[in-house]
Amino acid sequence: MTTPSTPPDRDPGLQPERTRLAWRRTTLSSTVAAVLAAKAALHNGVSTEGIIICSLCCTLWLGFLTVAHHRITTLATTGAPPPLTPRHATTAVLCTVAVAICAAVLVY
């Protein structure tokens with residue numbers, strides 16, 4: 001009689017490193033978007049509206065950068081990284097959506 005084989009323990013392999021690299025790529029994309037938004041906001045000269053939108057984009061970028069840096073550090077320092085907390089995930093999503101809204105405002 002054969003016994004069912006038990007699956008081996010999960011081998012995380014390079015998953016934490018891939019996740020860390022994905023956060024770095026996303027941070028780079030966010031940086032490019034913030035720079036382009038600032039350029040678009042200030043393209044026709046300095047105006048109050050342009051400065052407000054530019055500072056908002058920079059603030060949102062810094063918020064996302066803080067969350068990403070925290071996650072990258074966590075992934076690099078722990079063996080089995082804990083899941084992303086709901087607060088950090090919500091902050092990352094809100095910053096991303098807000099930058100997209102700022103971009104839409106700048107385009108129209």
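Which residues does Ser30 touch, not counting residues up to four places away in sequence? Ser30 touches Trp61 and Phe64, where touching or contact means heavy atoms within 4.5 Å. The model is predicted: local features need pLDDT of at least 70, side-chain atom pairs count only at pLDDT 80 or more, and totals for chains, interfaces and linings use all residues. Residues are numbered from 1 along each chain as its sequence is written, and side-chain values use heavy atoms, with hydrogens and water left out.

**View 1. The whole chain.** The protein has three helices and zero strands, in the order α-α-α from the N terminus. Helices (H or I, at least four residues) and strands (E, at least two) are DSSP runs, numbered from the N terminus. Of the 108 residues, 23% are buried; buried means under 20% relative accessible area, exposed over 50%, and partly exposed in between (1.4 Å probe, protein chains only). Among contacts between residues at least 6 apart in sequence, 71% join residues at least 24 apart.

View 2. Helix α1 covers residues 15–41, which is 27 residues. From first C-alpha to last it reaches 38 Å, close to the 39 Å expected at 1.5 Å a residue; the expected span is 1.5 Å times one less than the number of residues. The buried residues of α1 are Pro16, Trp23, Thr27, Ser30, Ala34, Ala37, Ala38 and Ala41. What covers them includes α2 (48–77) and α3 (86–107). Ser30, in helix α1, counts as buried because its relative accessibility is 15%.

**View 3. α1 against α2.** The axes of α1 and α2 come within 9 Å and cross at roughly 170°. Axes are lines fitted to C-alpha atoms, for helices over the stretch in contact, and angles run from 0 to 180 degrees between N-to-C directions. The crossing angle makes α1 roughly antiparallel to α2. Angles under 35 degrees count as roughly parallel, over 145 as roughly antiparallel, 65 to 115 as roughly perpendicular and the rest as oblique. The residues of this contact of α1 with α2 divide into 17 nonpolar, six polar and three charged. Here Ala, Val, Leu, Ile, Met, Phe, Trp, Tyr, Cys and Pro count as nonpolar, Asp, Glu, Lys and Arg as charged, and the others, Gly among them, as polar.

**View 4. α2 against α3.** The axes of α2 and α3 come within 9 Å and cross at roughly 155°, so α2 is roughly antiparallel to α3. α2 passes α3 in a left-handed crossing, that is, with the near helix turned anticlockwise from the far one by less than a right angle (right-handed if clockwise). Among the contact residues are Phe64 and His70 of α2 and His88 and Cys102 of α3. By class, this contact of α2 with α3 has 13 nonpolar, five polar and no charged residues.

**View 5. α1 against α3.** α1 and α3 pack at an angle of about 30°, with their axes 10 Å apart, so α1 is roughly parallel to α3. α1 passes α3 in a left-handed crossing. Trp23, Ala33, Ala37, Ala40 and Ala41 in α1 meet Ala92, Val99 and Leu106 in α3. The contact of α1 with α3 has eight nonpolar, no polar and no charged residues.

**View 6. The loop at Pro83.** Pro83 lies in the loop between α2 and α3. Pro83 counts as exposed because its relative accessibility is 68%. Pro83 and Arg71 are 12 residues apart in sequence and 9.6 Å apart in space, C-alpha to C-alpha.
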